[in-house]
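Biologist: I'd like to learn how to read the features of a protein model. Please give me the general idea each time, then the case here.

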Amino acid sequence: MKNFLSIAIFSLCAFQSIAQQESMYTHYPFNTQMVNPAYAGNRGVFSATLVHRSQWVGFDGAPMSQSLVLSTPLLNDVLGIGANFQNDKIGPTNIFTGNIDIAAKVKINRHSKISFGMNFGLRNYGRNLTGLNAYESGDFAIVNNTSTQMIFDLGAGILYTNKRFYVGVSMPRILNNHFPNANSSITLGAKEKQHYFVTAGTAFNISKSVECKPSTFVKIVEGTMPQFDLTSMFVFNKKFELGAMWRSSDAAGLLLGYTFNRNFRVGYSFDWSYGLRTFKNNYGSHELMLRYDLHCKKGGKDIISPRYF
């Protein structure tokens, strides 16, 4: 079955291992609300972001993720509210998550503020093992072909922003949910590990037509080494974007983006997992991002979000 059995076994054990359990996105600088609910409403306008990621293309059973994030400011930017939906498929497992994000904002001065956010929702964890063949008949790990489980999600985060800089800390899964084996007589199961995320970024002008936006994403998981994402985007005439990324002990890649009429942005990224022994057996990871910002008009003039992030 090529490499399908290997990835399937990995998938079944993913929640029990010490590896990162959250989805991975190269477009994290444009999708910060997925990892920190305090970002809800931060763009100052209604915003919708859709991201699709195909990881390790060409490898049977490889991860595939889709996310949709919605947010808007309320009460003159005192509150932000949003929602995020995510679908993850890895081998025979599928996880669908739906969360509501709420952020309270405290202004420090004209250009800076602190946001406190929480998210809550539900996650459906399912598996379908009908396509797997066990080496030994009666293997208790796949004795039941299908199963589903619904669990409650709760997360929190804090975010500081000013005109040119932001930094945030979040814990997306406060609850260490336990996933018992489908066969209740078997003690084998899985338990989530606590994740701590740190995001930061800045923006500065290189010339009148070129701007640089470096950012970082630090992932800390109990029982494993921290992982760092470093990304640097160059923006030309506030339209075309070109950047590079590096993920510690994992991948390096490129990002492209273009903004249409200040409302629509389309982005693409490619990253190559040089840190994996199986990197020769896949064609890299690809992401496509679409974002829409609703710029309203007042008194015949556009109201444009002043946010850089």
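Modeller: Let's start with empty space. Rolling a probe the size of a water molecule over the atoms shows where empty space is left.

Biologist: How much space lies in the second largest cavity?

Modeller: About 100 Å³. A cavity is a set of points on a 1 Å grid over the protein atoms alone where a 1.4 Å probe fits but cannot get out, and its volume is the space filled by probe spheres set on points joined across faces, edges and corners. Keep in mind that this is a predicted model, where local features need pLDDT of at least 70 and side-chain atom pairs 80 or more, while totals for chains, interfaces and linings use all residues. Residues are numbered from 1 along each chain as its sequence is written, and side-chain values use heavy atoms, leaving out hydrogens and water.

Biologist: Next, the core. Which residues make up the largest nonpolar core?

Modeller: A nonpolar core is a set of buried Ala, Val, Leu, Ile, Met, Phe, Trp, Tyr and Cys residues joined through side-chain atoms within 4.5 Å. Buried means under 20% relative accessible area, exposed over 50%, and partly exposed in between, with a 1.4 Å probe and protein chains only. Here the largest core has seven members: Tyr 25, Phe 30, Val 51, Met 233, Met 245, Leu 255 and Met 289. Among the residues that Val 51 touches are Tyr 25, Ser 65, Leu 288 and Met 289 (contact means heavy atoms within 4.5 Å).

Biologist: Met 245 sits in a strand. How do I read the faces of β14?

Modeller: In a regular strand the side chains alternate between the two faces of the sheet. In β14 (residues 240-247), the covered face has Glu 241, Gly 243, Met 245 and Arg 247, while Phe 240, Leu 242, Ala 244 and Trp 246 make up the uncovered one.

Biologist: What does β14 pair with?

Modeller: Strands pair if DSSP finds at least two bridges between them. β13 (residues 227-236) pairs antiparallel with β14 over eight bridges, with Thr 231 bridged to Met 245. Eight bridges also join β14 to β15 (residues 251-260), again antiparallel, and Glu 241 stands opposite Gly 257.

Biologist: Last one: where does phi turn positive in the hairpins?

Modeller: Most residues other than glycine have a negative phi. The β13-β14 hairpin has three residues between its strands, and Asn 237 takes a positive phi near 55°. In the β14-β15 hairpin, Ser 249 does so, near 55°.

Biologist: Are Trp 56 and Leu 75 buried or exposed?

Modeller: Trp 56, with a positive phi of about 50°, is in the loop between β1 and β2 and is buried at 16% relative accessibility. Leu 75, with a positive phi of about 55°, lies in the loop between β2 and β3 and is exposed at 61%.

Terms used
1 Å grid on protein atoms, 1.4 Å probe; cavity = no way out; pocket = protein on both sides within 12 Å on 5 of 7 lines; lining within 4 Å. Helix = DSSP H or I, 4+ residues; strand = E, 2+ residues; numbered from the N terminus. Lists of a residue's contacts leave out its neighbours within four places in sequence.
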